[in-house]
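Let's take a look at how the inside of this protein is packed. Here is the model to keep open as you read.

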Amino acid sequence: MKQQLGIVSKAGQGERISSAEALSLAEFSDLELIIETAGSIRDQSYPDLVTYSPKVFIPLTQLCRDVCHYCTFAQAPKPGEKAYLSADQILKIARAGKEAGCHEALFTLGDKPELRYKIAREELKALGHKTTLSYLKEMAQLVLNETGLLPHLNPGVLEHNELNDLRKVSVSQGMMLESAAKRLCNRGGPHFGSPDKQPGVRLGSIAAAGSTRVPFTSGILIGIGENRRERIESLLALRELNDVDGHIQEIIIQNFRRKPDTKMHDAEEPSLADHLWTIAVARIIFGSSMHIQAPPNLMPDAMPQLVQVGIDDWGGVSPVTVDHVNPEAAWPSLEKLTEATEISGKQLAARLPIYPNYLQSMDKWMDASLHTPVLRCIDSEGYARTDNWTPGAGLPIPTIRTPKISINIKNAISNLIDKAGSGARLNETEVSRLFSARGGRFKDVCKAADAMRVDVNGDVVSYVSNRNINYTNICYFGCGFCAFSKGRVAENLRERGYNISLKEIQERTQEAWQRGATEVCLQGGIHPDYTGETYLSIAKAIKEVQPDIHIHAFSPLEITHGAETLGLSLVDYLRDLKKAGLSTLPGTAAEILDDEIRQIICADKINTQQWLDVMRAAHSVGIRSTSTIMFGHVESPVNWARHLLRLRDLQEETGGFTEFVPLPFVHMEAPLYRKGRTRIGPTYRETLLMHAVSRLVLYPYINNIQASWVKMGKDGVKAALQAGANDMGGNLMNESISKAAGASHGQEFESGDMETLIRSIGRCPEQRTTLYGRPASGAVFLHDAILCNA
C-alpha cells in the first residue's frame, strides 16, 4: 500500500509511471485518493474545458464477419433489406446533421462483411465496388463534398495501405482495442469466433495507423470478463504504441452494457466505482496530455463524477442520430451535458473529430485536400466554430450562452482578471489563457473589461469626424489578406488599380472639411513609382488647401518605404513629414506582431521589429499614433498575446499610442482565403474577447479601445462597447479597404446615426479630435448633458 501511494503521488506531480508501477495499481483500492489525483493530473493540461464532438452516426452497414457476444450492432442479413445504406440515405443523415450544427460524420460498420456474406459481395458489385472499404471511401468523400461534415471512420482492422487510402477522405479514424487479454478470445469468451478481436491483430492495425500518420481513437471496453490487471495491460499496450508515433489522440473508457438477445444478456455490468477507478488509472498511466473520454449516455446520472475523475472529453454526441452501438442509451441533451460539465467547474466546448493539438501540424496529420474544409470549421484554438457569424458579412450576431448554474469558485481566469486590474503585466501564457475563456468565464472577462472601461473612460463613447482617402490601390507587396491592393495580375483576384492625383486629394480634403471633418486619414498601397517625396507632397498639398485639418496618414510600411527611397533615417524622414504637415500615424501594417505569422500572411512586408522601430521613432519626434491588430486568419491566441504585450511594452516606454483598434479579418475576397489557407475570420466570441482582453492587458498604458463598425456592424459594435471598448473611430465618409475584402457594412456612418446607436445602450456620445481632445467650437456634437452626467 505504501509503495502504491508513492506511485500515485509520483503521477500526481506530473511524472510518468513505469509499466511495473502501473500494474501494481491493480490492487490499489483507495478510490477517493485516486480520483482526486487523476483530476489534478488532468487539470495540468486541461484546466478549464471539457470537449465533445457534435456528430451524426452513419451506420454504413451492420453486417460484420465477427460475432462478439455482447454486440447488437452487428446483424445478419435480413430478407428484403439492403445490407448497405445508399448514397441518398447517407446524405439525408449527413444533411440533417449539418442543419443541426454537427461537424463530424461518424461512419461505423462491421469488419469486412464481404468476407463472410455473399449478399454483401453482391450488393457491393451492384454499387460498383469490390470491397466495403472502397464503398466507404466513396461515401466519405461524398459527405465531405456535399455537406462539409468531416468524416471519422471506424471500419475495424485495417492494413497499412487501407489506412493510407482512407486517410485521403477522413480527418481521423478509430478502433477500440477493447482488451489485450487473449483469453477473452477462447471458447466461452466474449470474443470467441471473432478473428478481428485477436489482441495482436488489433494492436498491429493501431500501430499501422501510427506509421500512416492517422489521428486515431482507441480505448478499452470494461466489464466483459477481464480483470483490473488486464485493463492496465491493455492501457499500457496502447501507451507503448503511442510512444512510437504519437497518433492516439484519445482513449475511451467505455463501460459494458448488457443487451437482450445477446449471449451476455445476463452478465454483470461494471459498477460506477469500477468505472471511475478505471478512468482514474487511465489518466494516471497516460498523464495530463492525453485526451481521456467516457461516453456520457452510458452513465447519464454520473456525468459530474466522470469529470471529477479526470476525463476531458465526452466523445461524439448527436442531436440527430441514436447511438447505434448502444441504441438503448439516449444521448444527453446539450443542455444537460453543459450543466453536468459546469457543475464540475468546467466549460463545455465543441470540437472536431480531430483534436486541436493535431491541427497544429496539419501537414503531418492530414491529407492536403482536407486542410481547407478543416480551416472553415475551426476557431483560433482549433475547436469547432459554433455559429456562422463572420466579420463584415452582415449576419445577425449570435447569442453566447452563459451558465444557468452559478458556481462561486475562484479560478485561474478570475485570478488573471484581478492581476490585470492591478496594472501588473501578464505574461504570454496568462494572456493566452484569457483568450480561451468560454461560457461563464467569457462573461467574467467581458464584465471585468467593461468595469475597467467605466473607471478609465466613464460612460462617454467617442468618435471622430473624418474622411478616408485611399490614394492608390496599386501595390507591389503581396499580402495574403489584402483584397484592396491591385497589381499582382497573376493572382487573378483583383480589379484594375487607380492612383489619385494631388488635386483630387485636395478636393476630397476640402469637401471633408466642409462637411465637418476634423481629420483626413490617408493610406494606400506601395506604388512602385512612389518615393519618400510622394508622401511629403501629399501632406504639403493638403495643408495648402486646408491648413487646420489633422493629417492622420502613412502606416509604418509607407514610412519605411519613404525613408529608404530617400536614404534618410526614420527619425529624419519623420521630422520632414511633420514639417510638411503630418500630425499622427495610423497603426496599420501591424497585422500580427509576430514574425512566424507575418511569414505566412505578409512575408515581404516589414517585420515586427521594423514596425516597432517606426513607431518608436515617430513617438520620439512628437508624432503620436494608433495601434491595431488584424486577427482571425492563421494565427492563434499565443500570437495575439505576443502582439498585445509588445504594444504594451512600447507604450510603457514612449506613451505615444492614442488607442488600440482590433480589426477582425474580413475573409471573403482575401487571396489567402480564396486559396483555402485561412479561417473565415474570428468567431464572435473571439472578436468580443479581443476588445475585452486588450482592455485588461494594456491597462494602464493604453486607455482607449476602439470598435470597428465597418468590420463588426452596428449590433457587433454595441456588444464591443459593453465589453471594454469606449470609442467608435471615424464615420469615414469613404472606406475602401474593408469593402474590397467583402464587408457589407457600408462606407460611411452618419454622425447622427452613430450618436443614436451610442445612446441606445445608455452611453454618452462625444465627438473628439484625433488626439482625443475637444473639436473647435462649432464642430462639437451637443450631446445630452443629462445622460452624460448620469
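## Ground rules

This is a predicted model, where local features need pLDDT of at least 70, side-chain atom pairs count only at pLDDT 80 or more, and totals for chains, interfaces and linings use all residues. Residues are numbered from 1 along each chain as its sequence is written, and side-chain values use heavy atoms, with hydrogens and water left out.

## The cores

A nonpolar core here is a set of buried Ala, Val, Leu, Ile, Met, Phe, Trp, Tyr and Cys residues joined through side-chain atoms within 4.5 Å; buried means under 20% relative accessible area with a 1.4 Å probe, protein chains only. The largest one has 111 residues, and Val 445, Leu 522, Trp 611 and Met 728 have the most contacts inside it. Helix H27 (residues 684-698) supplies its largest share, nine residues. Helices are DSSP runs of H or I, at least four residues, numbered from the N terminus.

There's also a second, separate core of 107 residues, with Ile 17, Ala 22, Tyr 135 and Ile 251 among its members.

## Around Trp 611

Contact means heavy atoms within 4.5 Å. Skipping neighbours within four places in sequence, Trp 611 touches residues including Pro 556, Ile 606, Leu 647 and Phe 657.

## H18 against H27

Helix H18 (residues 439-457) packs on H27 at about 45°, axes 8 Å apart; axes are lines fitted to C-alpha atoms over the stretch in contact, and angles run from 0 to 180 degrees between N-to-C directions. Val 445 of H18 is part of this contact, as are Leu 688 and Leu 689 of H27.

Definitions and conventions. Buried means under 20% relative accessible area, exposed over 50%, partly exposed in between (1.4 Å probe, protein chains only). Helices (H or I, at least four residues) and strands (E, at least two) are DSSP runs, numbered from the N terminus.
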